[in-house]
Amino acid sequence: MRALISVSDKTGIVEFAQALCELGYQVISTGGTFTRLADNGVEVTGISDITGYPECLDGRVKTLHPAVHGGILAMRDKPDHMKQIDDLNIKTIDIVAINLYPFKETIAKPDVSLEEAIENIDIGGPAMLRSAGKNYKDVAVVCDPADYTAIIDELKETGSVSQDTKFRLARKAFEHTAAYDAVIAQYLWRQTAAEVPEKLTLTFEKLQDLRYGENPHQKAVYYKDVGAWRGCLANAVQIHGKELSFNNINDTNGAIEALKEFEEPTVVAVKHATPCGVGSGFDILAAYKKAHDCDPTSIFGGIVAANRVIEAGTAAEINKIYIEIVIAPDFTQEALDILMKKQNIRLLKLEGISDKREKQMDMKKTRGGLLVQEYDDIVFNESELTVVTDRIPTESEMRDMVFAMKVVKHVKSNAIVLAKDGMTVGVGPGQVNRIWAVQNAIRQSNFDLKASVLASDAYFPFDDCVEAAAEAGITAIIQPGGSKNDADSIKKANEFGIAMVFTGMRHFKH
């Protein structure tokens, strides 16, 4: 009986090899693994003694040899196979314990070069895992140190590894090599200017099982993109509260995506995946009060995302109502002492919460397919802003219109956002026509809307939206433009003395 061991992650490998030796296995190994085992008193045979060839090309070629792959792939129940390897003086290999060059860890380094990344692409390792996985009926393939103990236990109890275990290990090995190749493909894609890959390969690592999905009858799991950058939700650390649900994660992700639009101290409140209040201020307490006051009813039981450290004053304000989740770059100890008095609140720390995303694609799964697009990372191109009315917006109106446009692109279409003095004062999300979105934003507002501004995610098909805005006291409108009825909306705005700006950029969010 023979076992081939060659690992980058050497966790538990000495103990595993020693146990195999005690069970009568000849242990074969390569390079650094051979040295580690030999230095720890394991009786080990070098790969060159098996192949008859030295390791060469700076270790690039070690195991790519018939003496290795013939020993793995020979089917024991086929006499012809066994005769062939006997004629070639090849001996069978019964256990293959391999884990691969640390490509993912290498490219995670901020200063990694393309050359260093390429050198950490494993060739022989995936080939051996695939060979052993293909011949799982005769070979136990191990790619995860967590499986060492179970294998040794089975060998001690029954003298062999069961077929069920071998099949499970083979499936795991193919998952491992598929994910490994997907990470390489994604990395190389990011090094090019190619808009989309011809064949899209994705890999995600399981973070946790969820209690259920959007509804209790739906099973759900949370996975992390292997290429996830520092400021994404999958890298958040939960420091208080019960585990997150499917809806918690979805809503919180929406909150931090909207938050990334802002550099000044800002708080985004989200309920059911929709911003219900956004505020910017001179500090995070002022920002929170604005976000809260936009819609004190909807923020109850919602998500609060902040782009500054939460301190005691803000924590005390948050604790006045029930909030499901607070996510921020950090919390002062005083803030934690206040917030953690509430058992049901979840507190998440996310370093780099304001970081912009790296080159990635936005995806929506359909049955049997996948929609892929670039992320909507632009609010507007400043050079394309056009004042189309007789009245030019004031500086404060323009600031509020920019603010409102940053928010409206994160509100479900058809979307309208009203803003004034760096805060939302009305949100009209997810309507099937634009006038309803305008009317809902106005109707649910708790504010005097005189001198407020309106942002629309898409053009006005009719001038009724302008008329409704004027009746509410709104004095400036920002919208993409592009309707065949633009002239009617502009005419109506001029009648009411409303300033109107076209951006030339739509922001549907479905």
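**Figure 1. Aromatic pairs in the predicted model.** Rings of Phe, Tyr and Trp, the last by its six-membered ring, pair if their centres lie within 6.5 Å. The structure shown is a predicted model. A search of the whole structure turns up six aromatic pairs. One of the six joins Phe103 and Tyr187. Their ring centres are 5.6 Å apart. Their planes meet at 85°, over the 60 degrees that marks the class, so this pair is edge-to-face.

**Figure 2. Where Phe103 and Tyr187 sit.** This pair links distant parts of the chain. Phe103 belongs to helix H6 (residues 103–107). Tyr187 belongs to helix H10 (residues 163–190). Are they buried or exposed? Phe103 has 1% relative accessibility, so it counts as buried. Tyr187 has 8%, and Tyr187 also counts as buried. Both values fall under the 20% cut-off. Ring pairs also bring in Tyr180: Phe103, Tyr180 and Tyr187 are linked into a cluster.

**Figure 3. The pair of Phe262 and Phe403.** Here the ring centres lie 5.3 Å apart. The planes stand at 50°, so the pair is tilted. Phe262 is buried, with a relative accessible area of 3%. Phe403, at 6% relative accessibility, counts as buried too.

**Figure 4. An open sheet of six strands.** The six strands follow the order E8-E13-E12-E11-E9-E10. Their pairing is mixed. Which strands form the edges? They are strand E8 (237–240) and strand E10 (274–280). Each of these pairs on one side only. On average, neighbouring strands of the sheet are turned by 20° against each other, direction ignored.

**Figure 5. Strands E11 and E12 side by side.** Strands of a sheet pair through backbone hydrogen bonds, either parallel or antiparallel. Strand E11 (residues 303–306) and strand E12 (residues 325–328) pair in the parallel sense. Three bridges join them. Val304 stands opposite Val326 in E12.

**Figure 6. Helix H11 across the sheet.** Which strands does H11 lie across? They are E9, E11, E12 and strand E13 (346–349). H11 runs at about 150° to E9.

Key
Residues are numbered from 1 along each chain as its sequence is written. This is a predicted model: local features need pLDDT of at least 70, side-chain atom pairs count only at pLDDT 80 or more; totals for chains, interfaces and linings use all residues. Side-chain values use heavy atoms; hydrogens and water are left out. Rings of Phe, Tyr and Trp (its six-membered ring) pair if their centres lie within 6.5 Å; planes under 30 degrees apart count as stacked, over 60 as edge-to-face and the rest as tilted. Helices (H or I, at least four residues) and strands (E, at least two) are DSSP runs, numbered from the N terminus. Buried means under 20% relative accessible area, exposed over 50%, partly exposed in between (1.4 Å probe, protein chains only). Two strands pair if DSSP finds at least two bridges between them. Axes are lines fitted to C-alpha atoms, for helices over the stretch in contact, and angles run from 0 to 180 degrees between N-to-C directions. Contact means heavy atoms within 4.5 Å.
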